[in-house]
Amino acid sequence: MDANTQSVSSDVHEQLRTLYKSVLEDQNRFDEFKQLLAAYPLTSDGAVESEAATQVRENLNARVRAWIGPSFRGLSSTQVSLWRAIIVDERINVAISPWKESNAY
Amino acid sequence: MECAVDDLWSAFSETLPERLRDTACTLPYCLGLAPAPTAHWSDVFSHGITLAAPAMVARALPDVTDDQLRKSTVAHLLAIVDAFGNDRIEDGQVADREDVRAVLERARQQRDVALSILGDADGYMRSDRTTLSAIREERTLLARCQPVSRKGYRLVSLGKQSPGFPASLALARACGWEQRRLRNLALMFVGVWLGLQCYDDAIDWEDDWSNGGAWAVCLARYNGIGVTPSPRPATLAEARRLVLARGALGALVGLSGRWFRLAGERARMLGVSEVAEWAGVRAQEMENLLELELAAPGFVVRKQRLAAWAAEVVQ
């Protein structure tokens, strides 16, 4: 069980790293990923994902599989919400501009 | 030095009328530079040199006294805070509050006193004029999306950096440096401040565009003297296509790297070893980043946008 769990964990992590590199290295892919995330309806904490949201997430995962391969396990609703906050809403950004400090709070 | 900067700001806050002290203590938050009112100035800036430049120069000045070091650090700290504060208010990034303006006015007064004690009574008056002129010109150019050459960009950007010079130069002069070393010190800071500014203008260009104009677009439109510039983009998507097609972000990152190299060379020449090391690292980072930007235009912005994700998956 431990070997299988480790194998699955590293695959998932590796898949996320591959997805990250995929959108980092291609503007069109980044733009499309951002659009797909923006289409995901915001839900309140603890709420069950709606049917519409599930459909959007499945569309997103299908596109990601087209980019990085059919074995991609897919982003969960929590992960989609998190990446939406990071990439669409820009609510979480650990890298502050070094000089102008133009981030607004 | 991070701790000293915060201590100096606390000491400044204590000199203010009681009604302004809370504003002063929470100024990074009031200016939208920090997410919480408890943040200190040392929390705000990614690079220590932004607020502590004189202290780094002081390590190459064996005869510097504690009082000279304190005066120059106070002058520089207050000048930088004043510059950032006024820029954010004038840009409309934060509300124009009477108490914030009053704190910044007091900062300017004490900045001038500290610099005067170091032997330069007019340094910040001159830099204020230069900065104001540069900011006005920048706003005009960006609002018009004026095509701008790299030289034009450099001249305006350098004007905005004026507050970053007087305190360190006054300190070195007070410790006996002659004109040749002072010129090299000034060049070192040209490299430092422009290196930082160029990189900032690259990674923030889309936000700048949304706020009225971006250097990356102005640079991208420029096709040479007497040559018809590229059409002015109407939307962010059009602007992005132009900026990426013209390699404007690579140009800014490349400029940043060259400025950091200049800073490092001058710092080594002068024995300002901490700056030499820091600038060398920054130059190499920019050179590495340039390769990636040239291979995949827009890389520097995507990297910035994905930074939180990278923290999770890139180990």
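These questions and answers go through helix packing and cavities in a predicted model. Residues are numbered from 1 along each chain as its sequence is written, and chains are lettered from A in the order in which they are written. Local features need pLDDT of at least 70 and side-chain atom pairs pLDDT 80 or more, while totals for chains, interfaces and linings use all residues, and side-chain values use heavy atoms, without hydrogens and water.

Student: How are helix 6 and helix 7 of chain B oriented to each other?
Tutor: Helix 6 (residues 66–90) and helix 7 (residues 98–117) of chain B, being DSSP runs (H or I, at least four residues), pack at an angle of about 150° with axes 8 Å apart. Angles run from 0 to 180 degrees between N-to-C directions of axes fitted to C-alpha atoms, and those over 145 degrees count as roughly antiparallel. The two helices are therefore roughly antiparallel.

Student: Is the crossing of helix 5 and helix 11 of chain B left-handed or right-handed?
Tutor: The axes of helix 5 (residues 49–58) and helix 11 (residues 179–203) of chain B come within 12 Å and cross at roughly 160°. That makes helix 5 of chain B roughly antiparallel to helix 11 of chain B. A crossing is left-handed if the near helix is turned anticlockwise from the far one by less than a right angle, and right-handed if clockwise. This crossing is right-handed.

Student: At what angle do helix 11 and helix 15 of chain B cross?
Tutor: Helix 11 of chain B passes helix 15 of chain B in a left-handed crossing. Their axes come within 7 Å, and the angle is roughly 155°.

Student: Which helix gives the largest share of the lining of the largest cavity?
Tutor: A cavity is a set of points on a 1 Å grid over the protein atoms alone where a 1.4 Å probe fits but cannot get out, and lining residues have an atom within 4 Å of a point. The largest cavity holds about 60 Å³, and its lining includes Phe30(A) and Trp205(B). The largest share, 3 residues, comes from helix 17 of chain B.

Definitions and conventions
Parallel < 35°, antiparallel > 145°, perpendicular 65-115°, else oblique. 1 Å grid on protein atoms, 1.4 Å probe; cavity = no way out; pocket = protein on both sides within 12 Å on 5 of 7 lines; lining within 4 Å. Points joined across faces, edges and corners; volume = space filled by probe spheres on them.
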